[in-house]
Amino acid sequence: MSGSSPAARLQQLFEGHRLTPTQRRIAHSMVRRAGDAPFLSSVELAELAGVSQPSVTRFAVALGFDGYPALRKHLREVAPAGPADGGGEDTYNEYQQAVLGEIENLRHLAELLADPGPVERAGELLAASRPLLVLGLRAASSQARGFGYFAAKVHPDVRVLDEGGSMLHDRIDAARRAGASALICFALPRHPREVVDALGYARDQGLTVVSVADSAFAPVARHSDLLIPAAVGTGLAFDTACAPMLLGRVLLEAMCDDLPDAQARLEEFDAAAAARGLFVE
């Protein structure tokens with residue numbers, strides 16, 4: 001780590017830790033002032049980030065240190081050049097770091113997909129379910145809606161569950177009575193308790209659960225028959241989900257491979273869209 005830029009060293013220190021929005025603000029402030037960070041007092045860092053001094057202490061503890069003095073000591077040991085260090089062409093700002101982090105997540109996903117077996121198995125399960133349930137709440141609701149939008153173009157009956165509440169179990173019951181055999185869940189941090197409960201209920205009703213989650217150890221893992229992980233980016237105030245989105249498209253492709261009339265359905269949609277002037281060329 002000693003050969004990388006101060007900003008990169010800080011980013012590596014923060015990776016793998018689930019930080020609160022306040023703690024991320026502190027982290028971003030440190031990245032922006034990477035050369036000075038090892039020499040800032042807790043009061044100075046708190047003022048820089050616009051947070052309280054106790055928040056800085058909790059931030060250091062979240063990173064695994066006894067307190068902020070221990071964090072600052074560590075930073076001085078890995079960045080001995082002092083406050084002047086931090087310039088140079090290899091220093092990336094926080095936005096670039098976020099993009100580079102997502103690129104790394106995509107590399108990991110590509111390595112995972114070297115074994116296509118789990119994705120192919122998921123495709124078979126999803127294609128065979130009539131109807132097909134797609135679950136995703138809160139942060140994952142956009143992933144569920146995106147998957148459901150495209151899946152509905154090739155699958156005869158797709159039902160998206162993107163709202164929680166007392167009706168969630170009722171909609172699972174209705175789909176099961178209609179013949180559903182599988183549910184695909186998009187689970188992203190922070191993981192809503194409703195999602196975990198809904199998956200447990202779905203399995204109790206006999207549904208096979210396929211999950212796309214940020215980690216193989218995510219809370220939904222214990223209620224998933226097949227879980228395929230795709231990491232989220234944590235370099236910004238809110239998580240970024242490029243890898244889970246791409247994995248969703250990969251699963252759509254695998255599902256299409258097991259739907260013999262998928263291509264015909266797509267061509268039918270294209271013809272109808274052209275007749276209606278649905279899209280501007």
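The model is predicted: local features need pLDDT of at least 70, side-chain atom pairs count only at pLDDT 80 or more, and totals for chains, interfaces and linings use all residues. Residues are numbered from 1 along each chain as its sequence is written, and side-chain values use heavy atoms, with hydrogens and water left out.

Next I turned to β3. I counted 6 of its 6 residues as buried. Ala 182, Ile 184 and Phe 186 point one way, and Leu 183, Cys 185 and Ala 187 the other. Side chains in a regular strand alternate between the two faces of the sheet.

Then I checked the pairing (at least two DSSP bridges between two strands). β3 runs parallel to β1, with 3 bridges; Cys 185 in β3 is the bridge partner of Leu 135. β3 also pairs with β4 in the parallel sense, over 6 bridges. There I found Leu 183 opposite Val 209. From β3 the chain crosses through helix α10 (residues 193-204) to β4, a right-handed β-α-β crossover (with the strands pointing away from the viewer, the path from the first strand over the helix to the second runs clockwise).

How values were computed:
Buried means under 20% relative accessible area, exposed over 50%, partly exposed in between (1.4 Å probe, protein chains only). Helices (H or I, at least four residues) and strands (E, at least two) are DSSP runs, numbered from the N terminus.
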